[in-house]
Each structure stands twice: as structure tokens, then as C-alpha cells.
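Subject: Structure handover

Hello,

Here is the structure you are taking over. Please look through it first; my notes on what was found follow below.

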Amino acid sequence: MSGAVEIAATTERRSRGSLWSKAVYKLSRDRFGMVGLAVVGIYLIVALGVWFGVWGQGWSDVTGPMWAAPSDEYRFGTNVIGQDIFERAIYSTKVAFEVGLVVAVLSTVIGAILGALAGYFSGTWIDEIVLWLKGVLDSIPFYLFVAALAFALQGFAYSMHVAMIATFWTTTGRLVRGEVIKLRGFEFVEAARALGVPELTIIFRHIIPNTFHILLVQATIVFVAAIKSEVILSFLGLGVKDGVSWGLMIAESTQEVLAGQFNNFIWASVFLFGLVMAFNLFSDALQDALDPRSVT
Amino acid sequence: MTSTLKILGALALICIAMAGCGDGGGSRDPAASNQKVYRHSMDQAPVSVDPTQAATVYSNFVVLNVYDTLYAYKYLARPYELTTNLATGFPKISDDGLSYVISLKPGVHFIDDPSFPDGIGREVVASDFVYSLKRHFDATTLSQAAWVWQGRIVGLDEWKEAGSDYDSEISGLRALDAHTIQITLSKPYPQLVHTLTMGFSALVPREAVEHYGREFSIHPVGSGPFKMERFDTARATLIRNPRFRAESVDLAALGFDPALHAGLGLEAIEGRTPPFVDRVDVNFVTEDAARWNSFSKGSEIQFAKIPTEQFDTVLSSKTPPTLKKELENRYNMVDFVEPGVIFNTFNMDFDEFGYHPDPAQAERNTALRCAVIKAFDWEQRSERFYNGIAKIYPGIIPPAVPEMDSGMSRDSVTRDVEGAKQLLADHGWNADNLPELVYGVAASVKQRQLFEQFRGFLTEIGYPSEKIVLEQFATFGDISKAWKQSKLPFVSKGWNLDYPDAENVLQLFYGPNGSPGSNDANFADPEYDRLYEQSAVMQEGPERTAIYRRMNEILVDSCVAIMGLSRTNLLMWHENVIGYPDRNIVGGFWLRYVDLREE
């Protein structure tokens with residue numbers, strides 16, 4: 001009897017909690033999502049270790065033998081110029097996080113702002129301009145756009161980042177625009193307007209915070225897309241200019257596999273697969289947890 | 001009955017269709033028509049086959065097969081030796097070395113082509129040579145070879161300045177009669193005959209140039225052993241020129257050496273008249289892996305350079321390169337050190353590494369360059385990128401030319417990390433004050449790895465990794481432009497000899513050739529320049545060799561460049577192909593001697 005009362009009380013507390021607390025609860029119950037989060041956490045620790053100089057600092061040394069097999073000294077072996085593949089793989093984790101974070105944060109911020117402006121001023125010239133810009137950017141094939149930008153910004157180390165941010169914000173912007181069109185008819189917006197709150201304040205203080213569940217999910221999706229794109233672009237010679245990344249390691253391996261050397265290919269692929277898979281699991285779980293239709 | 005007729009009708013249609021397919025396949029299959037077809041491969045496609053554009057080995061290769069030059073290199077002789085081609089003999093040179101008289105073989109004809117009256121190719125005459133050389137000095141031709149004769153033939157530069165009127169005569173370039181050419185030089189040019197072996201100097205008929213206009217670049221009309229049937233980015237198809245002059249093969253005169261060429265089956269062409277194959281397909285395959293797959297498949301291309309990644313698969317030993325037993329009966333292989341040099345040079349225009357107005361700082365800069373040279377590990381470079389079988393030597397003169405000095409000290413190509421550190425310390429260099437070194441590369445995995453290896457060498461002598469900066473260029477053309485404009489402090493490049501004379505590499509450091517010329521180092525040493533000018537007008541001989549070697553020593557002593565290395569090339573071709581397919585220096589000239597064994 002007391003058990004039934006406790007369950008009823010818990011259910012009541014849950015149903016009375018905010019969307020965020022319900023989402024956190026739901027997320028914590030998703031096993032795959034939690035495993036994904038744990039793996040992402042491990043990658044993050046690896047990346048932070050590289051950032052703070054704890055490990056991965058010998059990625060550019062060429063003191064090893066050519067194509068050494070995995071051993072205690074070289075855990076994943078060495079490449080053709082004697083570089084330690086383990087050191088390069090973990091250093092690339094930092095590069096992946098740098099690219100993922102920079103692109104995810106900036107494209108989400110831009111998408112949120114432009115999407116909110118377009119949605120709030122839907123049907124006006126502001127909306128027209130944002131939609132036109134989005135349409136133009138979406139109509140250009142991504143890799144062609146990156147190549148053109150890399151050529152235009154010759155020598156600029158972050159042309160890949162610029163290209164990704166310029167193209168990845170559009171989806172976020174479209175989703176936010178739709179959400180804002182819905183929100184601007186809500187009573188709290190009407191009330192703010194009636195009280196004379198400036199429109200930009202309404203957008204940034206009252207409306208955008210209510211799109212955070214979309215932004216969070218979009219940011220995780222963009223994070224993964226950015227990492228995958230970086231690998232492809234680096235493989236094509238359009239990505240990381242100086243340094244190392246999993247894409248560059250795979251590009252190096254195209255010649256090595258012909259000579260029967262697979263360490264570069266295998267380990268860069270394993271690291272990439274692990275992070276992308278984990279982030280996808282986490283992203284799916286987050287999407288489920290933040291879906292207003294399922295959070296009740 | 002009706003249904004039987006329908007069935008018979010359907011069967012007849014199927015038979016007709018199959019017969020049609022069979023015919024089509026047969027006409028494409030050379031074996032069916034008993035044609036001899038040799039399928040060659042190259043790693044790039046030429047953009048043009050107009051001799052004025054034959055600046056790449058790919059273009060030169062095709063040009064030398066569809067056109068004729070006055071001279072050529074002997075097919076098999078190594079070191080390379082000159083021989084006659086369209087000329088009857090070597091030129092008669094005046095005592096002052098300024099006048100060359102060359103006689104042409106009579107009775108040589110261009111291929112039949114609509115540009116000639118009645119479509120019948122006319123005889124090749126001396127005025128065709130005069131016209132062909134003039135084209136390089138016609139601004140509308142956009143020739144890539146004017147530099148070869150610029151400032152050397154009397155009146156030629158003035159002819160250009162006067163508007164390039166082909167009907168006006170040039171005193172230094174004349175056709176004395178139908179078969180005699182006279183060239184008058186403004187100063188001695190001992191390499192002149194070498195330049196007359198190059199595709200640039202090939203003889204073209206004026207009628208065809210005027211008839212085809214811009215399309216002449218893809219519609220060659222020459223007197224070479226082959227004529228072009230098809231040309232695009234995938235393939236050039238050359239078919240035997242039925243009117244090619246009949247000259248039987250004298251193997252000894254071509255440099256045949258039984259000790260070197262045994263087993264290649266070359267004896268079979270003795271006394272016969274080339275060309276020996278009916279058709280040559282030159283396939284342009286840019287990817288190493290694709291080319292190798294096509295070659296090793298057996299039924300496709302019959303010649304390929306062995307990709308470095310395949311060495312262990314193909315060779316049982318690298319020194320000397322030896323084919324694996326199971327491959328010996330299927331393929332022929334030849335190895336040779338390429339006539340070229342790979343080197344890295346500082347750009348002396350940058351005062352943080354090169355020349356400096358303050359003598360003390362200039363001395364420190366020299367010490368810095370010498371330290372970088374000491375840090376460079378040529379052995380490792382050869383092992384990692386050239387399978388450990390490249391030739392490493394001090395200076396810029398490669399082993400392919402007789403002027404190379406094998407007795408020179410090897411200190412400049414021997415790694416000395418401690419010596420480099422000491423040199424830096426003695427001259428006040430440390431991690432804080434070492435200058436930033438920008439290393440340019442054309443975007444490719446290999447170029448990036450070469451950079452990373454170089455950076456690794458320098459970090460071992462205490463050069464901060466972050467001060468060795470990579471700058472990527474989209475294409476080789478882009479980085480080449482940056483070199484020409486003197487925008488990079490460090491130049492990493494290779495140079496293939498145009499002709500077998502050390503002058504061709506020594507000119508890379510001649511002061512007046514500075515940017516945008518070929519002297520990317522912008523090296524300017526008074527003694528070096530004086531010796532270059534002195535040797536430039538000398539004929540080959542011990543005295544000139546001594547001067548060349550002294551110039552080489554000046555380069556090493558001034559620590560202007562990290563040099564040098566020549567790659568060992570391994571070429572393979574199918575066992576049923578009789579030939580010696582070395583395109584270096586000889587160009588595509590050897591293709592006329594290729595034959596196929598009867599199956």
C-alpha cells in the first residue's frame with residue numbers, strides 16, 4: 001500500500017517538474033544514450049589531456065623506424081616517416097573536438113539568431129532576406145563550396161571552419177524559425193508585447209530560451225557532422241592545413257595499404273568510428289528526451 | 001506456321017545482332033586484324049602536341065614520335081650520346097664556334113594531310129626548320145621554349161621585336177638551299193646541338209599550322225615514324241606512318257651493349273626498318289594504383305613504372321633491384337638513376353636566412369643554413385620515400401652527367417646533429433631568436449609528409465616546431481608561381497635535365513637567372529657567375545669539367561642548398577615487348593624501335 005502511494009507521489013512530482021528535469025530523467029534512463037555519453041566523455045578527457053600537454057605531444061616526431069609494428073614503444077605502430085600512430089591518433093582527438101565545438105557553437109548561434117529573427121518577423125523583408133540567404137547557401141554543393149572558399153581564402157588556416165559554419169547554420173535556422181513562428185502567438189509573448197518590452201528583448205530573452213531544446217539537439221548533430229566533414233575534407237586536402245587529423249591519417253594510408261601497411265587506416269578509422277557512433281547514440285537519446293511530444 | 005515464322009524471324013534478328021556485335025568487337029580487337037599494337041602508359045596527359053608547347057615530358061614524348069628533329073640521342077647508349085636524325089651528319093662548325101651548317105636528308109616527306117595540295121605530304125625542306133624556330137619567337141604562339149634560343153641566334157630577337165613577319169629573313173637563321181640550314185650565333189653556345197634534339201625544335205609545315213590554326217595543337221602534321229589517329233585526355237593513338245623514311249637498324253650505332261642489354265630480345269630488330277608496330281596506344285593513367293593494376297592484369301597496358309609501394313611485392317632484392325623468380329618470365333625490368341636532381345634551397349633574398357647588409361649577421365645566417373644542412377638526413381629521406389635505392393651525392397651535379405665529381409667530400413650529405421647544434425650555439429642562435437621558416441608545398445599527401453620529415457629533422461637540433469610553418473598551394477603551378485615571384489624563403493624541388501650537360505643544373509644558381517628566372521635561390525656569387533659565363537662558351541673537355549666542379553664546390557661551401565639526390569627508377573614491361581623504354585633525355589624517340597614477339 002505504501003509502495004503504491006510512493007509511486008503515485010513520484011509520478012506526481014515528475015509530472016509537475018519542468019521540461020528540463022523530465023528530459024534529464026528520461027535521458028538518464030536511456031542506456032545507449034548513457035553509454036554514448038560516457039564514451040564521448042572519455043574522448044573529451046583524451047582531448048583535454050592533449051590540450052594541457054599531458055599526452056599526445058610527440059605526434060610530429062620522426063624518430064621512429066619506418067612502418068614499425070605495434071609494440072610497447074609504439075602502441076599502434078609507426079607510419080612511413082617513423083611517426084607514432086598512437087600519438088597522432090590521440091592528438092587528432094583534440095583536433096576533432098576543436099573543429100566540432102567551434103563549428104557546432106558558431107553555427108548554432110548563427111542559426112538561432114537568424115532563425116529567430118526570420119520567425120519573429122515572418123512575412124517581412126527580414127524573413128525574405130534570411131530565407132533567400134539560406135536558399136542560396138543550400139543550393140551550392142557542400143564540397144564545391146568548401147573548395148571554392150579554400151581557394152578564395154588561400155593560406156587562411158580556418159577556411160574549412162568558415163565553410164562549415166556558413167552552411168551548417170541553415171538547418172538550425174529553419175527549425176528555429178518554425179518554432180518561433182509558433183511561439184510568437186503564445187500568451188507570454190503577447191503579454192510582453194502589451195507591456196511594451198522591446199522586440200529584440202522579447203526575441204532574445206523570452207523566445208530563444210524556449211528553443212533551447214532544439215538548439216541542443218541540433219548542436220550535437222552539427223558536432224558529429226563537422227567531425228565527419230573535417231575527416232573527408234582533410235582526406236581531400238581541403239581540411240586541416242597544419243597538424244594532424246584522422247582524415248589526414250586516412251589520406252596517408254591510401255599509399256600505405258598498397259604496401260600492406262594498415263595501422264594508420266585502422267586506428268584513424270577506429271577512433272573516428274568510436275566518437276561518431278558514441279555521439280550519435282547520445283544525440284538520439286537527447287533528441288528523444290527533449291521531444292515535447294514524448295516528455296509528459 | 002505463323003508462330004514458326006515468328007520464331008525463325010526472332011532467331012534471325014538475334015543472329016544479326018550477335019554478328020553485329022562480333023564485327024564491332026573484331027574491328028576494335030587489333031589481334032583480329034593481325035595488327036601489332038603496343039600499349040604504353042604515362043602518368044599524365046599532354047595538354048598540347050604542338051612543338052612550341054612541348055615543355056613537359058608527356059608532350060615531348062608524343063611530339064618526338066609524330067615530328068622529326070634534326071638530332072636525337074642514341075637509343076641505347078648510356079651515358080647519353082648524340083646521333084643524327086633528320087640531319088645527314090653533325091653540323092659543320094666554324095672555328096669561332098659561331099656558325100653552324102647542317103644538311104638535311106633529302107626525300108623525307110610529311111604525312112599526307114588535307115593541308116597540303118591534293119592532300120599529299122610534301123618534302124621536308126630547310127625552310128621548314130627556319131619557320132619552326134621562328135614560331136617560338138612569334139608572340140601569338142605563346143611558345144614555352146623561346147628561352148632556349150633567346151639572345152643566342154643573330155637577328156632572331158630583333159625579328160620578334162619587329163612584329164614576327166614570317167616572310168622577312170633573319171641573318172642568323174637561314175635556309176641556304178632546300179636541304180641546307182645555316183645558324184649564326186651571337187656568342188658560342190656549345191649546347192646548341194642538344195637543343196636540336198628537343199621536341200621544341202621539331203619541324204612543322206607552315207601549311208598545316210595555317211590550315212588548322214589553334215587546332216594545330218591537337219592535330220599534328222609531321223614526318224615522324226607515327227601519325228596521330230586519336231588524342232584526348234585518356235589516350236593518344238599513334239599509327240605507323242607508311243611514308244616514314246626507310247633506315248635500317250644498326251644496333252651497334254645505337255649503343256647496343258650485349259652485356260647490358262642481353263635478354264631483352266633487341267637483337268631481333270637488327271637490320272630491320274622501323275617502326276615495327278602498327279599502332280601505339282599511349283594511355284594516360286594518373287593514379288599509380290590504377291596503372292599498376294592495368295599493367296599486372298596482363299591484357300591491358302604493357303609498360304609501367306613500378307610504384308614505390310609495390311617494390312616489396314615485385315622485387316626479391318633492392319640492391320641491385322632484382323625481380324622475383326616467379327615474375328622473371330613474365331616481365332622485363334630495367335633500373336637506372338634518373339638524369340635529374342632533388343634538392344632544397346634557401347631563397348637568399350630573405351635576409352633572415354640569406355644575404356644581409358650587416359656582414360656579422362650574414363655570417364650568422366650562413367651558419368644557420370649550414371646547421372640546417374647538417375640536420376638534414378638524406379639517408380632517411382631515401383629510405384622512406386625512395387625505397388633506399390636513390391643516389392645521394394654532394395652538390396648539384398647529378399651522376400647522370402660525366403662532370404659529376406665522385407671524389408668530392410660527403411660532409412654536406414652526412415647528418416651531424418651535434419655539429420649542427422654546436423654551429424647554432426657558436427653563432428648565438430637559440431630557440432627564441434631562430435627565424436620562422438615557411439615551407440611551401442603543393443597540396444598532396446606526399447608533399448606534406450616530406451615537410452613533416454623535414455620539420456622532424458630540424459626539431460632534433462632544437463629548432464622550435466612551431467617556427468617551421470607549412471604553406472599549402474592548391475597546385476604545382478601555384479607554388480611554382482610563388483617561387484618565381486620570390487615569395488617563399490625555402491624552395492623544395494626537383495629538376496630533370498633537358499640535356500646531359502651539367503650546365504643545365506649549374507644555371508639554376510647563376511645570378512642573372514634570379515627570380516622570375518630559374519635561379520629560385522636568388523644566389524648571386526661573383527666568382528660563381530664569372531665561372532659560369534666562362535664555361536658557357538666552352539666546348540666539353542677537362543678544362544670545362546674543372547670549372548663546373550669548382551662551381552659545385554662554391555655552392556656547397558656557401559650552404560645555399562641542401563643537395564642532392566637522384567631517384568632510381570624501375571621500369572617494367574611485358575616479356576613479349578622488345579624494347580628499352582627509357583624516356584629520360586631520349587624522350588619518346590625509342591618508340592620507333594619497339595616491337596612485339598610473335599605469340
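Chain B is assigned two domains: domain 1 (3-279 + 576-596) and domain 2 (340-566). These bounds come from an automatic or database domain assignment. This is a predicted model, in which local features need pLDDT of at least 70 and side-chain atom pairs count only at pLDDT 80 or more, while totals for chains, interfaces and linings use all residues. Residues are numbered from 1 along each chain as its sequence is written, and chains are lettered from A and ligands numbered from 1 in the order in which they are written.

Domains and chains

The centres of domain 1 of chain B and domain 2 of chain B, taken over C-alpha atoms, are 36 Å apart. Between the two domains, nine residues of domain 1 of chain B are in contact with eleven residues of domain 2 of chain B; contact means that the C-beta atoms of two residues, placed from the backbone, lie within 7 Å. The side of domain 1 of chain B that touches domain 2 of chain B has six nonpolar residues, two polar and one charged. In this classification Ala, Val, Leu, Ile, Met, Phe, Trp, Tyr, Cys and Pro count as nonpolar, Asp, Glu, Lys and Arg as charged, and the others, Gly among them, as polar.

Between the chains, 16 residues of chain A are in contact with 20 residues of chain B. On the side of chain A that touches chain B, helix α11 (residues 246-256) of chain A gives the most, with three residues. By class, that side of chain A holds eight nonpolar, four polar and four charged residues. Helices (H or I, at least four residues) and strands (E, at least two) are DSSP runs, numbered from the N terminus.

Sheets of chain B

One open sheet has four strands in the order β1-β10-β9-β8 (chain B), with mixed pairing. Two strands pair if DSSP finds at least two bridges between them. At the edges stand β1 (37-42) and β8 (226-231) of chain B, each with a single partner strand, so one side of each has no neighbour in the sheet. Neighbouring strands of this sheet are turned by 20° against each other on average, direction ignored. Strands β9 (residues 235-240) and β10 (residues 279-284) of chain B run antiparallel and are joined by five bridges. B:Ala236 has B:Val282 in β10(B) as its bridge partner. Across β1, β8, β9 and β10 of chain B lies helix α2 (residues 57-66) of chain B, which runs at about 130° to β8(B). Axes here are lines fitted to C-alpha atoms, for helices over the stretch in contact, and angles run from 0 to 180 degrees between N-to-C directions.

A second open sheet has three strands in the order β11-β21-β14 (chain B), and the pairing is antiparallel. Its edge strands, β11 (303-305) and β14 (331-337) of chain B, each pair on one side only. The twist from one strand to the next averages 20°. Seven bridges join β14(B) to strand β21 (residues 568-574) of chain B. The bridge partner of B:Asn332 in β21(B) is B:Trp573.

A helix with two sides

In helix α14 (residues 417-426) of chain B, B:Ala420, B:Leu423 and B:Leu424 are buried. They are on the same side of α14(B) because they cover an arc of only 95° around the axis; the arc is that of the directions from the helix axis to the C-beta atoms. On the other side of α14(B), B:Glu418 and B:Asp426 are exposed. Buried means 20 or more other C-beta atoms within 10 Å of a residue's own, exposed 12 or fewer, and partly exposed in between, with C-beta atoms placed from the backbone. The buried residues of α14(B) pack against α12 (359-375) of chain B. After α14(B) comes B:Gly428, with a positive phi near 75°.

Backbone points to check

Most residues other than glycine have a negative phi, and most peptide bonds are trans. B:Pro274 and B:Pro275 are joined by a cis peptide bond, with omega about 0°; B:Pro275 lies in the loop between α8 (258-261) and β10 of chain B. Another cis peptide bond joins B:Ser515 and B:Pro516, with omega about 10°.

B:Leu142 is not a glycine, yet its phi is positive, about 55°. B:Leu142 counts as exposed, with 11 C-beta neighbours inside 10 Å. B:Ser486 also has a positive phi, near 55°, and is partly exposed, with 18 other C-beta atoms within 10 Å.

Regards
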